[in-house]
Amino acid sequence: ALAVATLLVLPRLLVYDFALLLLPLILMAREGLSTGWRPWERLVLILCWLAPLLGLVIAVMAKIQIALS
């Protein structure tokens, strides 16, 4: 929860800051493998893992500047 909360309070979020999401994703995957998956959990993990890439693609397609140059 602390890793996710850290990302919520940062004034500027860069792509490499999403490495902080690895800890919760790994913990959720480990829990799912040991106790079984709910129907929606795998989809959420995949979407969380792809979110930075999808955000970048959407920003480029919408011609929105997402970083300072």
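This is a predicted model: local features need pLDDT of at least 70, side-chain atom pairs count only at pLDDT 80 or more; totals for chains, interfaces and linings use all residues.
Residues are numbered from 1 along each chain as its sequence is written, and side-chain values use heavy atoms, with hydrogens and water left out.

Let's start with the surface. The protein exposes about 5900 Å², and carbon and sulfur atoms supply 73% of that; the areas are Shrake-Rupley with a 1.4 Å probe, and for residues only the protein chains shown count as cover. Of the 69 residues, 16% count as buried, meaning under 20% relative accessible area, with exposed being over 50% and partly exposed in between (1.4 Å probe, protein chains only).

Now, how do α2 and α3 pack? Helix α2 is residues 22-35, helix α3 is residues 41-61, and their axes come within 11 Å and cross at roughly 160 degrees. Those axes are lines fitted to C-alpha atoms, for helices over the stretch in contact, with angles from 0 to 180 degrees between N-to-C directions. The two helices are therefore roughly antiparallel to each other, the label for angles over 145 degrees. And α2 passes α3 in a left-handed crossing, so the near helix is turned anticlockwise from the far one by less than a right angle.

Who's touching whom? Leu25, Met28 and Ala29 in α2 meet Leu45, Cys48 and Trp49 in α3, with contact meaning heavy atoms within 4.5 Å. Those contact residues divide into six nonpolar, no polar and no charged. Nonpolar here is Ala, Val, Leu, Ile, Met, Phe, Trp, Tyr, Cys and Pro; charged is Asp, Glu, Lys and Arg; the others, Gly among them, are polar.

A few individual residues, then. Gly32, also in α2, counts as buried because its relative accessibility is 3%. Gly32 and Arg42 are ten residues apart in sequence and 8.5 Å apart, C-alpha to C-alpha.

Back in helix α1, residues 2-9, we have Thr6, partly exposed at 29%. The C-alpha atoms of Thr6 and Asp17 are separated by 9.7 Å, eleven residues apart along the chain.

Last one: Lys63, in the segment after α3, is exposed at 76%. Lys63 has a positive phi, near 55 degrees. Most residues other than glycine have a negative phi.

How values were computed:
Helices (H or I, at least four residues) and strands (E, at least two) are DSSP runs, numbered from the N terminus. Angles under 35 degrees count as roughly parallel, over 145 as roughly antiparallel, 65 to 115 as roughly perpendicular and the rest as oblique.
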